[in-house]
Amino acid sequence: MYTKKFVFSAVTLPALVFMSQASDFQARRGSDKNREASRRAELLNRDPVDITPKNGGQFPWSGKDTAAFEQEWSMRPVALKGVFDYDKEIQVEKMKDGEKGVEVITPFFTHLNGNEMACGIAVNRGWMPHDLKDMRYDKANSHVSITGVLYRGDAKTKYSGVNQPLLSAYKGAYPEELSVVFQLGNEVEGSQFMLKAVDMEDEARTPMPDVPSKADLQKFTISPERHHAYMGLWNTMIYMGVMANTAMWLYL
């Protein structure tokens, strides 16, 4: 009689421990994302900082530890003045909400270095649906300034595709590659950070390309609410497991 009870508990208790750990993990992830969303909201509501270098100057991250600079400036709005070079523009294949499309990446030249070479930064100007990727009117606009946030480009994983510049086939936005493709005079600086364009005013959104808003940058693929829902699911399963063990030992 007791043998069956011991076997049942021996099988279910490790599962209960696993479910408890899974519940704690979901709770932590939800809390971490809530804190990150609050941090982003506070930073994104600040006034943009103009970081346009003067001729012969450098961007503020030049010569600094990139990880520390990223921690300080991540999601902090910045502004740049300069000109786009649309002739060197590329399109990176990206899915958005299950729809096939591209992100438009354009070099933005801001100043000249000591050798009179044009220096700048790669700018992610937003997303376009695949069937409309060549039907844009923004090139007609004479952009001389842009506002956004600095970032290190797309994360590289074992699932990341390989860019083929000679075929104009791009799977990811990697500044260390784009600074060479765009022939930036400040190749080292340009290889460290990119600029993601952001619509700072919700009432004045850019339709094509689709530029993210401040609210968009505070969202996550898996929301904090979803993590808390998963936590509730694991807790329910833990409760059922505990009740099953109690019933086994008391009534069977």
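Helices (H or I, at least four residues) and strands (E, at least two) are taken here as DSSP runs, numbered from the N terminus. By that rule the protein, a predicted model, has five helices and eight strands, and Asp199 falls in the loop between β8 (194-197) and α5. Residues are numbered from 1 along each chain as its sequence is written, and side-chain values use heavy atoms, with hydrogens and water left out. In this predicted model, local features need pLDDT of at least 70 and side-chain atom pairs count only at pLDDT 80 or more, whereas totals for chains, interfaces and linings use all residues.

**Overall form**

- Along the sequence, the elements of the protein follow the pattern α-β-α-β-β-β-β-β-β-α-α-β-α.
- The radius of gyration of the protein is 25 Å, whereas a compact globule of 252 residues would have one near 18 Å; the radius is taken over C-alpha atoms, and the globule rule is 2.2 Å times the number of residues to the power 0.38.
- The C-alpha trace spans about 90 × 35 × 35 Å along the principal axes of the protein.
- Of the 252 residues, 39% count as buried, where buried means under 20% relative accessible area, exposed over 50%, and partly exposed in between (1.4 Å probe, protein chains only).
- The accessible surface comes to about 14700 Å², and 57% of that belongs to carbon and sulfur atoms; accessible areas come from the Shrake-Rupley method with a 1.4 Å probe, and for residues only the protein chains shown count as cover.
- Where contacts (heavy atoms within 4.5 Å) link residues at least 6 apart in sequence, 70% of them join residues at least 24 apart.

**The nonpolar surface patch**

- Tyr2, Phe6, Trp249, Leu250 and Tyr251 form a nonpolar patch on the surface, with about 650 Å² of accessible area together.
- Patches are made of residues with over 30% relative accessible area and no salt bridge, with like charges joined within 9 Å and nonpolar side chains (Val, Leu, Ile, Met, Phe, Trp, Tyr) within 5 Å; a salt bridge is a side-chain nitrogen of Lys or Arg within 4 Å of a carboxyl oxygen of Asp or Glu.
- Helices α1 (2-44) and α5 (224-251) each supply at least two residues of the patch, and the largest share, three residues, comes from α5.
- Leu250 lies in α5 and counts as exposed because its relative accessibility is 59%.

- Strands β4 (residues 90-96) and β5 (residues 99-112) run antiparallel and are joined by seven bridges, two strands being paired if DSSP finds at least two bridges between them.
- Lys96 has Glu99 in β5 as its bridge partner, and Asp97, in this hairpin with two residues between the strands, takes a positive phi near 55°.

**Asp199 and its surroundings**

- Asp199 counts as buried because its relative accessibility is 8%.
- Not counting residues up to four places away in sequence, Asp199 touches Ala204, Arg205, Thr206, Val211, Pro212, Ser213 and Lys214.
- Asp199 and Asp216 are 17 residues apart in sequence and, C-alpha to C-alpha, 9.7 Å apart in space.

**Positive phi in two loops**

- Glu116, a residue other than glycine, has a positive phi near 60°; Glu116 lies in the loop between β5 and β6 (118-129) and is exposed, with a relative accessible area of 60%.
- Ser168, which is not a glycine either, has a positive phi of about 55°; Ser168 lies in the loop between β7 (145-151) and α3 (175-181) and counts as exposed at 59% relative accessibility.
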